[in-house]
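Please look over the structure below.

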Amino acid sequence: MENIKYPKVLIISHNALSLHFNNGKTLYSLFKDFPNYNVAQLFFQDEIPESDKFSTYFKLTDVDVIKNVFKLKDRDICGNEQKIKLGEHFNYEMSKYKKIIINILRNNLFLLVLLRNLIYKLPYWNSKNLNIWIKNFSPDAIFFLGGNYKFSFNIANKLAKKYNIPLYIYITDDYIFNKKKHAFFTNFQQKMLIKTYKKAFNYAKYVFVIGDQMAKDFSNFFNKKFIPIMNLIEIEKYDSIKCDSI
């Protein structure tokens, strides 16, 4: 691993990198061998990043975008760079804003998905502040951990095209075929998500999924090769996607 030429990767995801929680822990396991200065992350949850080595973060939340909509904040400074103390552990607590939203929409979570997608459909997230931060980091690739929101796929796509860098997508849960008891989507929203997936997958250089069965199902449905990887992997195992070829 010492002789590998590591690319500079901009991670885009909803959760911040973490040593203990959610998809943040999954992402950390994938990039833990990368040098600190080769990894940066743009994330959308009101969280504090937690890491023992990575320190370059930008947080963009719903509140940031809403403030811009109502001109409570300069559009050019939407979102902010995050400063963290390496090795410090945090117990995440849901923000006051998120608690209010969840309480209102507890029995209609599909509406939360719809509202967030509408908020980020507006151009206010794409601030000068964010673009300066990305240019300063100068990524070679974007690694996007996607979920059930259209807006984050659109942001990852737009930034990859704007900076002319390859996009890699990782899907860790199936929101298409395995309908859960408490589904987040109406039929309309699910159709829109499939449409968003198709657009993003067609543009992406590679798409990864959480397991073999999911890779098979997605490959058949989207007519594209999907690569199965678990939370903990050795990237050098995949000859076609070695780090120095990104």
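The second largest pocket has a volume of about 360 Å³. The model is predicted: local features need pLDDT of at least 70, side-chain atom pairs count only at pLDDT 80 or more, and totals for chains, interfaces and linings use all residues. Residues are numbered from 1 along each chain as its sequence is written, and side-chain values use heavy atoms, with hydrogens and water left out.

**Pocket and its surroundings**

- A pocket is found on a 1 Å grid over the protein atoms alone, as an open set of points where a 1.4 Å probe fits, with protein on both sides within 12 Å along at least five of seven lines.
- Its volume is the space filled by probe spheres set on the points, which are joined across faces, edges and corners.
- The lining of the second largest pocket counts 22 residues, and those nearest its centre are Asn117, Lys121, Lys150, Phe151 and Asn154; a lining residue has an atom within 4 Å of a point.
- Two or more lining residues come from each of α4, α6 (150–162) and α7.
- Helix α6 contributes the most to this lining, with 7 residues.
- Helices (H or I, at least four residues) and strands (E, at least two) are DSSP runs, numbered from the N terminus.
- Thr196 sits in helix α7 (residues 187–203) and is buried, at a relative accessible area of 8%.
- Buried means under 20% relative accessible area, exposed over 50%, and partly exposed in between (1.4 Å probe, protein chains only).
- Leaving aside residues up to four places away in sequence, Thr196 touches Lys150, Phe153 and Asn154; a contact means heavy atoms within 4.5 Å.

**Salt bridges**

- Side chains of opposite charge can pair when their charged atoms come close.
- A salt bridge here is a side-chain nitrogen of Lys or Arg within 4 Å of a carboxyl oxygen of Asp or Glu, and the count comes to 2.
- Lys59 pairs with Asp46, with the closest N and O atoms 3.0 Å apart.
- Lys59 is in strand β3 (residues 57–59) and Asp46 in the loop between β2 (39–43) and β3, 13 residues apart.
- Lys59 is buried at 13% relative accessible area, whereas Asp46 is partly exposed at 43%.
- Asp62 pairs with Arg116, with the closest N and O atoms 2.8 Å apart.
- Asp62 lies in helix α2 (residues 62–69) and Arg116 in helix α4, so this pair ties together parts that are 54 residues apart in sequence.
- Asp62 is buried at a relative accessible area of 7%, and Arg116 is buried at 7%.

**Helix α1**

- Helix α1 (residues 22–31) is largely enclosed by the rest of the structure, because 7 of its 10 residues are buried.
- The buried residues of α1 are Gly24, Thr26, Leu27, Tyr28, Ser29, Leu30 and Phe31.
- Their cover includes β1 (9–13), β2, β5 (141–146) and β6 (167–171).

**Surface patch**

- Leu111, Leu114, Leu115 and Leu118 make a nonpolar surface patch of about 300 Å².
- Such a patch joins nonpolar side chains (Val, Leu, Ile, Met, Phe, Trp, Tyr) within 5 Å, from residues with over 30% relative accessible area and no salt bridge.
- Leu118 belongs to helix α4 (residues 109–121) and is partly exposed, at 46% relative accessibility.

**Chain totals**

- The protein chain has 8 helices and 8 strands.
- Of its 246 residues, 47% are buried.
- The chain exposes about 13200 Å², of which carbon and sulfur atoms supply 52%; accessible areas come from the Shrake-Rupley method with a 1.4 Å probe.

Technical notes. Patch = residues over 30% accessible without salt bridge, like charges linked within 9 Å, V, L, I, M, F, W, Y side chains within 5 Å.
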